[in-house]
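Visitor: I have a few minutes before my next run. Can you walk me through this model?
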Amino acid sequence: MDFQKPKGTLDFLPGTVEKWQYVERKAHDLARRFNYREVRTPIFEYTQLFQRGVGETTDIVQKEMFSFQDMGGRNMTLRPEGTAGVVRAYVENKLFGEPDVSKLFYIGPMFRQERPQAGRYRQFHQFGIEAIGSVEPAIDAEVIAFGLQFFEDIGLKGTSVEINSVGNTASREAYNERLLAFLNPMRDSLCKDCQNRIDRNPLRVLDCKVDHDKFADAPSILDSLDEESLTHFEAVQRNLTAMGVAYTINPRLVRGLDYYTLTAFEFKTQSGIGAIDTIGGGGRYNKLVAEVGGPDQPGIGMAIGMERLQLLLADQQTEIDDKRPLDVYLIALGEKASAEITKQLHALRKLGFSAERDYLDRKMKAQMKSADRLEARYTVILGDDELERGEIAVKSMETREQVTVKLEDLASALK
Ligand code: ATP
Ligand code: MG
């Protein structure tokens, strides 16, 4: 029997995983500077949460969810995105009772049953932030600036952000009417999904990947914004400008989720991954907290796809600090020496050195090669003779110089 990983999933092996750890370190550090704190929510939730919190008319809920029944017959779903779970946790744990805005981040796997291709998988990872409890345009701008700063921090080039406003409820109703007047005459020429979307949530038609070109002349939602929506949108832009953040306005940008209000944005890459040029996105969701049973609290967030980042970092040959050189490799020649090496190895590790020895009973030469492969800074060699004298040889792998030190001075010699 040959086993293979499930379709659309990836193994991250040593050599690659360091690049993930590098990006995760940068994510944690940026979150600290922006004062976002980590939350960890379950990887599965009740299916209803996503039906409510992502929305019945979205691609995710209609065709992408990994759902199953637990033994109690409850409908469960592997999380397809992070926001619904975070908002559920915010409500359930009454974080709305705290005096400050809840600024939260998460990093973890998400699951969507999609057709796999480069940059699109069935298990993938997102780094996302959510700021819940403020309607201030300054926080919209902060969330957008956070994303761009993250790309800069990891050393990614050629990224940009497109922003839009999908308005408040009143503006969107006004826009839906104008959009329907534009879409109805072409109804029969649209893809099956869009024919469905027209009746349920016409805005989503603009997000179609099949018929995208047909909507170039669609009315702009910006012309339908009421004063409240427009004031907010302009203030977001003023805040971005104040931070020196460049952006472009894309009036056709709508996001997949149903509960977005006002600000919507997407992070783009110039280089592209096949046909894909989006690496993240987000928006304001002033209706979502109430939708999952909480008080009427506004929120905004964004999520970035980590696999897409990794593909771009590799493409751009970005210099990544992912080296893990070994401090010391210990070689024993002889049986008594071997026991002493075991003792020294553990003592060095306790003191904070990264240290390794041979476990395959190999010859000295093979062990030296192993030390080279591990990029050991020092190799320590102990024979039975030296052991008798209470001494040990320390070789610098860089200068190839060798000195002999007292066994008890080994740690200080290595420092
Ligand atoms: P797309 O239009 O590419 O399907 P989306 O609108 O479904 O994206 P979001 O739900 O906004 O994507 O998720 C935010 C980010 O998460 C995406 O920009 C992308 O980087 C990443 N992402 C989404 N789905 C996948 C997937 N199946 N595989 C890998 N990354 C993904
Ligand atoms: Mg998608």
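Guide: Let's begin at the ligand, bearing in mind that this is a predicted model. A polar backbone atom of Tyr 121 lies 2.9 Å from a nitrogen atom of ligand 1. On its own, ligand 1 exposes 590 Å², and the protein buries 90% of that.

Visitor: Which polar side-chain atom lies 2.6 Å from a nitrogen atom of ligand 1?
Guide: One on Glu 114. Arg 120 also brings a polar side-chain atom, 2.8 Å from an oxygen atom of ligand 1.

Visitor: How many residues surround ligand 1?
Guide: There are 15. The closest are Arg 112, Glu 114, Arg 120, Tyr 121 and Arg 255.

Visitor: New topic. Where is Glu 45?
Guide: In strand β2, which covers residues 44-46.

Visitor: Is Glu 45 buried or exposed?
Guide: Buried. Its relative accessible area is 7%, so it falls under the 20% cut-off.

Visitor: Which side chain does the side chain of Glu 45 make a polar contact with?
Guide: That of Arg 88, at 2.8 Å.

Visitor: What else is Glu 45 in contact with, leaving aside neighbours within four places in sequence?
Guide: Besides Arg 88, Glu 45 is in contact with Phe 50, Asn 75, Met 76, Thr 77 and Gly 85.

Technical notes: Residues are numbered from 1 along each chain as its sequence is written. Chains are lettered from A and ligands numbered from 1 in the order in which they are written. This is a predicted model: local features need pLDDT of at least 70, side-chain atom pairs count only at pLDDT 80 or more; totals for chains, interfaces and linings use all residues. Side-chain values use heavy atoms; hydrogens and water are left out. A residue is near a molecule or strand if one of its heavy atoms lies within 4 Å of it. A polar contact is a pair of N or O atoms within 3.5 Å; within protein, one must be able to donate a hydrogen and the other to accept it, and residues adjacent in sequence count only if both atoms are side-chain atoms. Accessible areas come from the Shrake-Rupley method with a 1.4 Å probe; for residues, only the protein chains shown count as cover. Helices (H or I, at least four residues) and strands (E, at least two) are DSSP runs, numbered from the N terminus. Buried means under 20% relative accessible area, exposed over 50%, partly exposed in between (1.4 Å probe, protein chains only). Contact means heavy atoms within 4.5 Å.
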